[in-house]
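Come along and check each entry against the picture.

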Amino acid sequence: RRWCAEGQRRFPGDYRFVECDLMLLVTPDARPDIEQAWALARRIDSLAPERRREFFRREARMFVGGVVGRAGDVDSARRVLVRARGDHGVDPTEELVGYEAAMRTLIGDADTAIALLRRYVAANPGHSFEVGGDVHWWWRALRDRPDFRAVLATTR
């Protein structure tokens, strides 16, 4: 939070520091504030570079979906996530697929998350799901599932 705020103070026109605040809203320590999430997504829309604006608009909405789900409205979260998907022209490296998988994991859609992760790993075979030798917190709810371990095995 400190560095997101400091970045916004120093660089008020840089969308990445707004994105930082939005990403923090899906963390376990944050209160899932839907109104704030949508406001941050709109701000990202206005600040993101023109040539990649559509990608960042959709990425922001993936995180909004995660916030909505964390707030308890899983059906609405699913609708937000589906609408945020991008085609190959917007997302040639399938990054949005990875973000959707993370948000699906956070809202308890493990089977959908695994299916998305298979697609993501096919496009990004070198991706690591670990940070500091442990599975990144996004994926901890999946770590004991054999289908997730099978996805991990394809990246090593």
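Before sorting any residues, I noted the classes: Ala, Val, Leu, Ile, Met, Phe, Trp, Tyr, Cys and Pro count as nonpolar, Asp, Glu, Lys and Arg as charged, and the others, Gly among them, as polar. I also wrote down that this is a predicted model.

**Entry: the pocket**

How do the residues lining the largest pocket divide? I found six nonpolar, four polar and two charged. The lining includes Y99, Y120, F129, V131, W138 and W139. I also listed E95, G98, H127, S128, E130 and H136 there. For the volume of this largest pocket, I noted about 170 Å³.

Next I asked which element gives the largest share of that lining. α6 does, with three residues. Helix α6 covers 95–106, and β1 covers 130–131; each supplies at least two lining residues.

**Entry: the chain**

I counted eight helices and two strands in the protein chain. Reading from the N terminus, I wrote the order as α-α-α-α-α-α-α-β-β-α.

Then I checked the overall dimensions. The C-alpha trace spans about 45 × 35 × 35 Å along its principal axes. A compact globule of 156 residues would have a radius of gyration near 15 Å, and the chain has 15 Å, so the two agree.

Of the 156 residues, 45% are buried. The chain exposes about 8400 Å², and carbon and sulfur atoms supply 51% of that area. Last, I looked at contacts with a separation of 6 or more: residues 24 or more positions apart account for 57% of them.

Definitions and conventions
Residues numbered from 1 in each chain as written. Predicted model: local features only at pLDDT ≥ 70, side-chain atom pairs only at ≥ 80, totals over all residues. Heavy atoms only, no water. 1 Å grid on protein atoms, 1.4 Å probe; cavity = no way out; pocket = protein on both sides within 12 Å on 5 of 7 lines; lining within 4 Å. Points joined across faces, edges and corners; volume = space filled by probe spheres on them. Helix = DSSP H or I, 4+ residues; strand = E, 2+ residues; numbered from the N terminus. Rg over C-alpha atoms; globule rule 2.2 N^0.38 Å. Buried < 20%, exposed > 50% of the residue type's maximum accessible area, 1.4 Å probe, protein only. Contact = heavy atoms within 4.5 Å. Areas by Shrake-Rupley, 256 points an atom, 1.4 Å probe, with all protein chains shown as cover.
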